[in-house]
Amino acid sequence: MSENERHEKFTKEEELERYKKAGSIHRQVTEYIKPHVKVGVKLIDLCEMIESKILELGGKYAFPTNISINNLAAHYSSPPSDETVIEEKDIVKIDFGVHVDGYIADGAFTLTFNQEYNSLVEASEEALNKAIEAIKPKVKTNEVGKIIEETIKKYGYRPIRDLSGHILGQYNLHGAKNIPNIKVPFGKEIFEGEVYAVETFATTGQGYAHETPYVYIYSLIPVRAPLRSQLARTVLKKIMDEFKTLPFSQRWLLKDMTLGSVKLAFRELVNTGLLHQYHVLADVKGSYVSQAEHTLIVTRDGCEVTTR
Ligand code: MN
Ligand code: MN
């Protein structure tokens, strides 16, 4: 392991402090960005505004800003020079992450300018609120999933079964425990001091998020592999230094490199098995998906939401 792969250690108290600071930045960025989400705005401008605001407030981004529209459920982040704009009937999910020394706040909200989808937005929001009310030590993750599924179904929509909330760790966005969006036979016990991002998805579609061919988000797979080109080695070093094992975008490497060289380097890194690719996930064409997400710390008798 190189020096860069080792993470600074903190006491439990210092960790919680950092989780809360990340949450407070997340909250401020959410308030800042909401009025800018309007018909005609370019997605890339929103992504960049969110990401620079995070830095301005003293945080770092934990992953590229996801702005997934309509049937896209997750993992759409503007690629370099994205021309996509928000259109009148769109339902827009904005999901972004902040970290402080690797301690993450992950949260999302949905906006729409189409009255028709108000109840779809409410369904995921209410499911999230109900999940938060239920989370405390000794509760099992599948019990929370059941509450989420029942709440969304009450509105006449489906939960997305292959997306779930997740435990967080230092520089670890998706730990080994999940909070499902549906009722499943087995779950794991929730413990005091754990930190989870709980995210609920309601859809008018089939309730599955399938992989599309598009990839705009990547993360490093921490294995050793020989790289042929100096270019790929340089990009790998940058990724290790700046993003460690957290997801990143090609956009973030363009400050001192051309898009051509970034693409070339990524191709070699992907082919060598060093990059995980997050495919854009979508429900069926013509469907609409809403999402709500908060990060919370499990306390002795409940939980404390850091992102609201
Ligand atoms: Mn998220
Ligand atoms: Mn998440």
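1. Let's start in strand β8, where Tyr-196 is the bridge partner of Ile-167. Ile-167 belongs to the partner strand: β6 (residues 164–167) and β8 pair in the antiparallel sense over 2 bridges. Helices (H or I, at least four residues) and strands (E, at least two) are DSSP runs, numbered from the N terminus, and two strands pair if DSSP finds at least two bridges between them. For background, strands of a sheet pair through backbone hydrogen bonds, either parallel or antiparallel.

2. Before going on, a word on what you're looking at: this is a predicted model, where local features need pLDDT of at least 70, side-chain atom pairs count only at pLDDT 80 or more, and totals for chains, interfaces and linings use all residues. Residues are numbered from 1 along each chain as its sequence is written, chains are lettered from A and ligands numbered from 1 in the order in which they are written, and side-chain values use heavy atoms, with hydrogens and water left out.

3. Which other strands pair with β8? One is β5 (residues 158–159), joined to β8 by 2 bridges and running antiparallel; here Pro-159 has Ala-202 of β8 as its bridge partner. Another is β11, which is antiparallel to β8 and joined to it by 9 bridges. Within that pairing, look for Phe-201 opposite Gln-291 of β11.

4. Is β8 mostly covered or uncovered? Mostly covered: 9 of its 9 residues are buried, and buried means under 20% relative accessible area, with exposed over 50% and partly exposed in between (1.4 Å probe, protein chains only). Val-195, Ala-197, Glu-199, Phe-201 and Thr-203 point one way, while Tyr-196, Val-198, Thr-200 and Ala-202 point the other way, and all are buried.

5. Donors are N, O and S atoms within 2.8 Å of the metal (3.2 Å for Na, K and Ca); water is not among the atoms, so sites may look incomplete.

6. Which residue coordinates both manganese ions, ligand 1 and ligand 2? Asp-106 does, and the two ions are 3.1 Å apart. Asp-106 lies in strand β4 (residues 103–112) and Glu-293 in β11, so the pair ties together parts that are 187 residues apart in sequence. Asp-106 is buried, and so is Glu-293.

7. You'll find Asn-66 in strand β1 (residues 60–69), buried with a relative accessible area of 6%. Among the residues that Asn-66 touches, beyond those up to four places away in sequence, are Lys-93, Asp-95 and Ile-217; contact means heavy atoms within 4.5 Å. The C-alpha atoms of Asn-66 and Lys-93 are separated by 7.6 Å, although the residues are 27 apart along the chain.

8. Next, an open sheet of 3 strands, in the order β2-β10-β9 with antiparallel pairing. β2 (72–74) and β9 (210–220) are at the edges with a single partner strand each, so one side of each is left without a neighbour in the sheet. β9 pairs with β10 (residues 275–282) in the antiparallel sense over 7 bridges, and Ser-219 stands opposite His-276 in β10.

9. Last, the helices. The axes of α5 (residues 230–242) and α6 come within 9 Å and cross at roughly 85°. Axes are lines fitted to C-alpha atoms, for helices over the stretch in contact, and angles run from 0 to 180 degrees between N-to-C directions. α5 and α6 are therefore roughly perpendicular to each other; angles under 35 degrees count as roughly parallel, over 145 as roughly antiparallel, 65 to 115 as roughly perpendicular and the rest as oblique. Where they meet, α5 brings residues including Leu-231 and Val-235, and α6 brings residues including Leu-264 and Phe-266.
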